[in-house]
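Student: I'd like to learn how to read side-chain packing in a model. Can we walk through one together?
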Amino acid sequence: MGFALKKPEGTAGAAWPAICIGLFVAFGGVLFGYDTGTIGGILAMPYWISTFATEGRTEITPAEDSLIVSILSAGTFFGALLSAPCADILGRRWGIFASCAIVFNLGVILQTVSTSQPLFIAGRCIAGLGVGLISAMIPLYQSETSPKWIRGTVVGAYQLAITIGLLLAAIVNNATALRNDSGSYRIPIAVQFLWSLIICGGLLLLPETPRFLIKQDKHEQAAKALSVLRRLDVTHPALVEELSEIEANHRYEMSLEKASYLDCFRGNIGKRLLTGCLLQGLQQLTGVNFIFYYGTQYFQNAGFEDPFIISVITNCVNVFSTFPGLYLVEKLGRRNLLLLGASGMAVCQFIVAITGTVAGTTDRAAQQAAIAFVCIYIYFFASTWGPVAWVVTGEIFPLKVRAKCLSMTTATNWLLNFAIAYATPYMVRDGPGYANLQSKVFFIWGGCCFICIIFTWFLIYETKGLSLEQVDELYQTVNKAWQSKKFRPQISFHEVSDIKNDGRTMSLAEIGAEVQRKKSVGHEEKL
């Protein structure tokens, strides 16, 4: 295994256009990360608290705190579900554009002009709707345009963009936190217009995904789009072969069953959907957004000095730790990386929980140790479960239901995000009606990380180095996830139409066996 990620020998065309396009589209993750990260700092700003506290109060109540933070996730949940019809009707490219330019920007406008909680909450909900739409469509666009040998790195860059957004939010919040005017919160919110402008401007120049165009029976446009991505003439044999394989796979899938939402829950596709939903849900239950939503407040309440600075530090760790993951996802593979990450996160969470519970909030050395292990935990998350969850869910579904299934897996992510954001203040604060867990909450996250290990072993298939069409064959021919590393593609979807000649639709396992039989017969005849 070499150190560098290299294009396989004999692969025609250029890889850099598709890689650059995928990396640019990943910039949409900045909207996701920044919008998620900015609220944690805003909730701790003195001017914002004095302006938005309800009449007769000098602080935000835990109930208001929960609603303001979690309402974004409520919007993103419904946005993720709506992403499927949006991506299938408008297309992947124009769907992302409309979500940013119209929905997200409207939410930012409402938050920027607000001076009371109702309008601010409405703005966060609408902005969340836009974030939810793009959070499902960006990995979809990346998966459908990237070369198979580096697809994991390109899609994983979406998580890198999310971490950069979180870091930018922490930096801007830190810069404006002590302002004694509306600029303290309006500047961090209004900065989001810049991120939206960048992604919308770039999308005007990018091609639609060839797989979406094939799904729409626009074969000439699909050939042109693939030509742009691979830098090959539309008549080049390699391009013709790749496009024909995509078409043949789609025809085969459509011959088996329809592409309704109900079909997403049936048979082999249902197994993949369960895998994707559990993966995204468990990604949230590792506890990472506890740190990025409530980290500033938690460190402040726990007696840490300079909680804003600690928030910037944890976000820096988050960004730089993502880079090893982008490399390792194609070297170690999806399955190994998830197992490694879950193990490391579990150990760190339990150490933070034990340290905080035993030492309390007055022991400075214990505080420093806790911060150190929080940072190590973030390293494990950012280099494993952060990017790999988006990679796996972006590549395990067949074309006909890919947008629908990806919308549901992403919605699961946001549903758990909402639940954690809403429940956390009640879990960690003291007083009547609150659990007052404080650092004990890390025992919960650690337990969930242990569940992640079991889940990965039994349900995550290794898809490194396979085309999206070959992933279909993997799931239909290999029954146990831990055996997936031994899988080698046996068929081309060109061969499917040649074999289905008895009026019966055969499974890929049957087709693979038939292909092997014909090859054996042909070999014997030659001898």
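Student: How many disulfides does the structure hold?

Tutor: Keep in mind that this is a predicted model. A disulfide needs two cysteine sulfur atoms within 2.5 Å, and the structure holds 0 disulfides.

Student: OK, on to the core. Which residues have the most contacts inside the largest nonpolar core?

Tutor: The general idea is that in soluble globular proteins, nonpolar side chains tend to be buried together. Here the largest nonpolar core has 114 residues, and W48, I96, L279, Y377 and W385 have the most contacts inside it. There's also a second, separate core of 11 residues, with L226 and L243 among them.

Student: What does W48 touch?

Tutor: Leaving out residues up to four places away in sequence, W48 touches I42, L43, A53, I60, I68, F120, S184 and Y185.

Student: And rings: how many aromatic pairs are there in the whole structure?

Tutor: A search finds 22 aromatic pairs. To read one, check the ring centres and the angle between planes: over 60 degrees counts as edge-to-face. Y34 and W195 have centres 5.8 Å apart and planes at 65°, so that pair is edge-to-face. Y34 sits in helix α2 and W195 in helix α9, so the pair ties together parts 161 residues apart in sequence.

Student: Are Y34 and W195 buried or exposed?

Tutor: Both Y34 and W195 are buried.

Conventions
Residues numbered from 1 in each chain as written. Predicted model: local features only at pLDDT ≥ 70, side-chain atom pairs only at ≥ 80, totals over all residues. Heavy atoms only, no water. Core = buried A, V, L, I, M, F, W, Y, C linked by side-chain atoms within 4.5 Å. Buried < 20%, exposed > 50% of the residue type's maximum accessible area, 1.4 Å probe, protein only. Contact = heavy atoms within 4.5 Å. Phe/Tyr/Trp six-rings, centres within 6.5 Å; stacked < 30°, edge-to-face > 60°. Helix = DSSP H or I, 4+ residues; strand = E, 2+ residues; numbered from the N terminus.
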